[in-house]
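Try each task before you read its solution.

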Amino acid sequence: MKSSLFERFISRGTLVLHHADGDEERYGSGEPIAHVHLRSRKVLRRLLADPEMAFGEAYMDGDWWPGEGGLQAVFQLYFANANNFESNRLMDLARRAVRGVSEMNTRMRAERNVQHHYDIDNELFQRFLDPEMQYSCAYFEHEDMSLDEAQRAKLAHIGRKLLLEPGQKVLDIGCGWGGMALFLAREYDVEVVGLTLSNDQYDHARKRAEALGLSQRVTFLKEDYREHQGAYDAIVSVGMFEHVGRPQYQTFFDQVARLLKPDGRSLIHFIARNGMPPKDSRTWIQKYIFPGGYIPSLSDFAPCIEKTGMSLADLEVWRLHYARTLAAWNERFQAQRDVFRERLGERFCRMWEFYLLGCEAIFRYGELVVYHVQLAHQNDVVPVTRDYLYREEDSPATLQPSVSATG
């Protein structure tokens, strides 16, 4: 029975199972090839019962580990056969029954979800992120860019899209550790308000603004975007929309429209699905890494923008940039894995590397991309071509590192 199931799962490439007693089983043929070592034969029952969820959970528990090729090879094989890993009908019905509830992010629940991930350990993030503490997709303008250079290029690219002038007011929804807000204030001489629900991010951002002498121009608030009041020349949101949840999409875009001045511009940067919405949104990532999150397809959010009356000024799609970003994060994480094991334990380290490498694989072999949704109330506010994004004279002066994020 188990043999026939694996034969059904593996239609492309080869899976080599290594049992604790030394036995070896092979399924499929050709490339890619992945080796999986099992602690015991009982692990097979666990994996076959719910492959999508148990795959990560069993790895965290040390019930299986990769052989030659590491986790990258296992994920490559998984995504080569992703369409074969379907749950049974009863499980699908159960998941669909709770899907809407899991994405219903009330203000209190949204705060709890944010703190679940972003308040893990500030030192963890400081050790594997860039000096600007950008925990979102970098922009590799050139093939030979380092992670730090690509993150600064991302900030500059978004800054140009906001078409800022000195003295204007900017809102950063989901400001993280403050890197974007501080960059915009420093490079464009604007006033910025940053919103976060994370305690650690809020404290870090305020201290960094003070260290950079920008406290008079940048204000950080621990506040839900739905509660905020004001009027802004520009609104930016980077890596936050993934946490909003589908039931709140209309509320999010209505609030952007409400806070944006008549001649304002907005840039929303987020992970998106380059395909149809999934039948099931319950994933290992959602359970262990980003509770309450959902990766939208274009059809999930486009109708919400239409209802606001705002103009979709531009839609840019970044492909493979996040795969490179995640690979760089994992390389830095692995270089200091012993430190994290001492601070947070081996199970956490296994969870974190599974998360980083699994996400890299999805962006490399799967259907995830990054969208840049540029919005405005007026159709003539944003230039009619993208030339303004690539003229050297329009680039901010600094693509050099600023004061360290830890300073």
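Buried means under 20% relative accessible area, exposed over 50%, and partly exposed in between (1.4 Å probe, protein chains only). The model is predicted, so local features need pLDDT of at least 70 and side-chain atom pairs pLDDT 80 or more, while totals for chains, interfaces and linings use all residues. Residues are numbered from 1 along each chain as its sequence is written, and side-chain values use heavy atoms, leaving out hydrogens and water.

**Exercise 1.** Decide whether cysteine 359 is buried or exposed.

*Solution.* Start with its relative accessibility, 13%. Because that is under 20%, cysteine 359 counts as buried. Cysteine 175, at 7%, is buried too.

**Exercise 2.** Find how many disulfides the whole structure has.

*Solution.* Look for pairs of cysteine sulfur atoms within 2.5 Å. The search finds zero disulfides.

**Exercise 3.** Check the span of H16 and work out how enclosed this helix is.

*Solution.* Helices are DSSP runs (H or I, at least four residues), numbered from the N terminus, and strands are E runs of at least two. The expected span is 1.5 Å times one less than the number of residues. For the 20 residues of H16 that gives 28 Å, and the end C-alpha atoms are 28 Å apart, which agrees. Next, 15 of the 20 residues are buried, so H16 is largely enclosed by the rest of the structure.

**Exercise 4.** Name the residue in E3 that stands opposite leucine 15.

*Solution.* Strands pair if DSSP finds at least two bridges between them. E1 (residues 13–18) and E3 (residues 33–38) pair in the parallel sense over five bridges. Opposite leucine 15 stands alanine 34.
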